[in-house]
Amino acid sequence: MHGIMYGTETSSEELSRLSSLSELGRRALECKVEADLSDEAEALVRKVVESNPDDYTLWNYRREWLLSLKGEAHDRLVKVWNDELRLTEKALLRHPKAYATWQHRVWLLAEAKDMEIDLATRTGLFEKELALCSKMLKMDARNFHAWAHWERVSKIAGKHEPARVVEYTEQQINADFSNYSAWHYRSVNLAEGIPIQDKTALDQLLDEEVDRLRQAFYTDPDSQSAWFYYRWLLNGAPYYSEGKTSALFNIKDEFLKNELKACQELIDLEPFSKWALLTKVYLLRRLGREAEAEDTIVKLTEIDPMRLGYYRNLASTSTRAV
Amino acid sequence: MSTEGDHEEESKAVGPLTAALHREHIKQLYEKKESFEMYMLEHRKISGVYWALASLQIMDCLDDLPKEEIVEWVFKTYDKDSGGFGANEQLDPQLLSTLSAVQILAIYNELDRLDIEKVVEYIKSMQNEDGSFSGDQWGEVDTRFSYGALLCLKIMNRLEDVDVDKAIDYVLRCRNFDGGFGCIPGAESHAGQIFCCVGALALTKSLDRIDVDLLGWWLSERQLPCGGFNGRPDKKEDVCYSWWVLSSMAMLGKIDWIDREKLTEFILQCQSPDGGIADRPGDIPDVFHTFFGLGALSLMDFPDLKRIDPKYALVTEVVELIEM
């Protein structure tokens, strides 16, 4: 079991709690099987999903129940939908990684749109969803469900706001350079967040990105998140759009030389920094300095013997800038 | 790194594979009326049964559990109307439960008992316009379902019944800056998701469409000093990633880019004194981690284990029958 220590025997109280929950679940399931959409049945199912959000069939029951309300007064639907959103939030706070609960929430939002239930006037729906994402990410900044929820909700709401995502990732990265999730979402939205035709703005962006990365490298040279992002940047930050791959930045040799210099400075301070050495190999090869790259690979095999096979392959593919 | 720590690391005794205890753990789980693990599996029991049987088969002791009883139970989860299987009796049909059911029947060489036309129809009905697959009739989309659908069809030898080109296009749209894959386009790379996407590409012979060196490198960086793998950068190790990362690397032909000896040691350290494998050393075991631990050991040719095929997650002798 994830993170439960051996020797913590399940107590008899815990087993009896699970047993009664399971019994309650069975009764709720009967309501589903018999298509019993009465108030009592609905309340029972609600109680069970709150504490057992993996029970996907009962979430299905709730969707069947919600759909049965079609045609009722708009005010009632707004209330029911908002109650249901609250139910999923409550369940998510208890079980932040329950697929079925996140999915139910996405369904509620999509269905509200289809059924023209106007939740937005009362709650500012899209903003409310982002607030939930933000709340969940405060509890666990790497919760990939919460990050993906933003994506899914943006699609439903038709709100594509790359600049806003870029800004949010900046806050997250500044708080913790090891937040790979934030670096990732930055990579997805960076190209769309700025006017690509503006050369000065692009140059400035590249400088800012490199400055931030440098801070990350000096804070913790062993944290790999920033290094992966850096490699992507050095590659020109390729991104996929409208069926083809384009590079956001036009990376010149002059820039690479500067980066190599900065990389070497870090190596002088931290001679065993694997990530700096690996980056040095990449930069040397980009600049056609193969012999020096080979020496650095030998060093890498010594300090990182676990990936010997990878380095051997790297050494044998000299023409490729891996 | 302190020298003291290094010594401690070296002196950690790594025991042998305690296969007999793992068999016992699985048997207990099957026979015992009440346990924490049993409750945890209520809503994904059919996957639990698959993990248990696949584990037993890797250890060459499939007969430990009663075949006929299990096959009959599998059909109790079948929904005749849709052609899908649920995660347990009376639970609604789902794509991933259907995959587990089909895998169980493949393990037992009982695929003939399936109404293949009906199951194919169910899977077909899950494919969306953009090539993606939903997990059930309620429309959740995720690359896990792309893999589940394609593998299910491949086992039944009916891949051509869905739009494979579109399915692969969708998977490729989920590729990221690091060469990995997420659950939907734009979502972060994650080793479990990568396993699904690489599996989907491998099953359809489409691996030439991705940068295998970039992805292989990212995957090799999942191995931590303890020997175990994490699923994303700057996260903790967990035995389940031993399977997801290593099987992906095996499909990409990059298995020698990591330290197999250290990974083996890590998995063996996660064995529980009472049988079963846990997520990390010292935690309580479960059948999910037991399967993923054994699967990874099998990929590394651990002695006395049957060889598993990374893209099917079934032992090779079962795959040979399927592909015959």
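Predicted model: local features only at pLDDT ≥ 70, side-chain atom pairs only at ≥ 80, totals over all residues.
Residues are numbered from 1 along each chain as its sequence is written, chains are lettered from A and ligands numbered from 1 in the order in which they are written, and side-chain values use heavy atoms, with hydrogens and water left out.

Let's begin with the domains. The assignment divides chain B into domain 1 (18–124), domain 2 (126–209) and domain 3 (211–324). Taken over C-alpha atoms, the centres of domain 1 and domain 2 of chain B are 23 Å apart. Where do these two domains of chain B touch? Contact (heavy atoms within 4.5 Å) links 18 residues of domain 1 of chain B with 18 residues of domain 2 of chain B.

The size of an interface is often given as the accessible area lost when the parts come together. For domain 1 and domain 2 of chain B it is about 1,600 Å², with carbon and sulfur atoms giving 73%. On the domain 1 side, B:Leu95, B:Ile123 and B:Lys124 lose the most area to domain 2 of chain B, together 36% of what that side buries.

Charged side chains can pair up too. A salt bridge is counted when a side-chain nitrogen of Lys or Arg is within 4 Å of a carboxyl oxygen of Asp or Glu. Between domain 1 and domain 2 of chain B the count is one salt bridge. The side chains of B:Arg158 and B:Glu117 meet in a salt bridge, at 2.9 Å from N to O. Helices (H or I, at least four residues) and strands (E, at least two) are DSSP runs, numbered from the N terminus. Strand E3 (93–94), helix H6 (95–107) and helix H7 (116–125) of chain B each supply at least two residues of the domain 1 side that touches domain 2 of chain B.

Now step back to see how the two chains meet. Here 59 residues of chain A are in contact with 66 residues of chain B. The area buried between chain A and chain B is about 5,600 Å², and carbon and sulfur atoms give 57% of that area. Four salt bridges are found across the interface of chain A and chain B. A:Arg142 forms a salt bridge with B:Glu188, with the closest N and O atoms 3.2 Å apart. Which element gives the largest share of the side of chain A that touches chain B? That is H1(A), with nine residues.

In chain A, A:Arg62 forms a salt bridge with A:Glu42, the closest N and O atoms being 2.5 Å apart. A:Arg62 lies in helix H3 of chain A and A:Glu42 in helix H2 (residues 39–51) of chain A, so the pair ties together parts that are 20 residues apart in sequence.

Finally, how confident is the predictor? Its confidence in each residue is the pLDDT, from 0 to 100. The mean pLDDT of chain A is 91, and 94% of its residues reach 70 or more. Within chain A, confidence is lowest in helix H6 (residues 120–123), at a mean of 56, and highest in H12(A), at 98. For chain B the mean pLDDT is 94, and 95% of its residues reach 70 or more. Over residues 1–11 of chain B, however, the pLDDT is below 50. For the complex, the predictor gives an ipTM of 0.94 and a pTM of 0.95.

Technical notes:
Buried area = accessible area lost by both parts, 1.4 Å probe. Domains from an automatic or database assignment. pLDDT = per-residue confidence, 0-100.
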